[in-house]
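Q: I'd like to learn how to read a structure like this one, feature by feature. Can we look at it together?

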Amino acid sequence: MFEPSNLGTILYQVLIIGLFLLFFISFAFFIRRLVLNSNHNLRIQEIEKKLEKIIKLLEEQDKK
């Protein structure tokens, strides 16, 4: 069916293609995680700003 040299070449090519696919998939997940963490940090900053406003309003209410 396959000659030994052809089988080795085919296995080598499959291995190389598999490694390339693994690299690109891993890279895509890495970029995705960076984007999600960036969005998460922006949300936290927005929540902190809102909490600061609430604290200021409560302090103003206490002074009256």
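Q: Is I31 buried, partly exposed or exposed, and how do I read that?
A: Buried means under 20% relative accessible area, exposed means over 50%, and partly exposed is in between (1.4 Å probe, protein chains only). I31 counts as partly exposed because its relative accessibility is 37%. Keep in mind that this is a predicted model, where local features need pLDDT of at least 70 and side-chain atom pairs count only at pLDDT 80 or more, while totals for chains, interfaces and linings use all residues. Residues are numbered from 1 along each chain as its sequence is written, and side-chain values use heavy atoms, with hydrogens and water left out.

Q: Where does I31 sit?
A: Helices are DSSP runs of H or I with at least four residues, strands are runs of E with at least two, and both are numbered from the N terminus. I31 belongs to helix α1, residues 4–63. The protein has 1 helix and 0 strands.

Q: Which residues make the nonpolar surface patch?
A: Patch members have over 30% relative accessible area and no salt bridge; nonpolar side chains (Val, Leu, Ile, Met, Phe, Trp, Tyr) are joined within 5 Å, like charges within 9 Å. A salt bridge is a side-chain nitrogen of Lys or Arg within 4 Å of a carboxyl oxygen of Asp or Glu. Here F20, F23, F24, F27, F30, I31, L34 and V35 form a patch of about 790 Å².

Q: And which residues gather in the patch of positive charge?
A: Lys and Arg count as positive, Asp and Glu as negative; His and the chain ends are not counted. The patch holds K49, K50, K53 and K56. K50 is in helix α1 and counts as exposed, at 56% relative accessibility. K53 also lies in helix α1, and it is exposed with a relative accessible area of 58%.

Q: What do the overall dimensions look like?
A: The radius of gyration is taken over C-alpha atoms, and the globule rule is 2.2 Å times the number of residues to the power 0.38. A compact globule of 64 residues would come out near 11 Å, but this protein has 28 Å. Its C-alpha trace spans about 90 × 10 × 10 Å along the principal axes.

Q: How many of the 64 residues are buried, as a percentage?
A: Here 0% of them count as buried.

Methods:
Accessible areas come from the Shrake-Rupley method with a 1.4 Å probe; for residues, only the protein chains shown count as cover. The place of a charge is taken as NZ of Lys, CZ of Arg, CG of Asp or CD of Glu.
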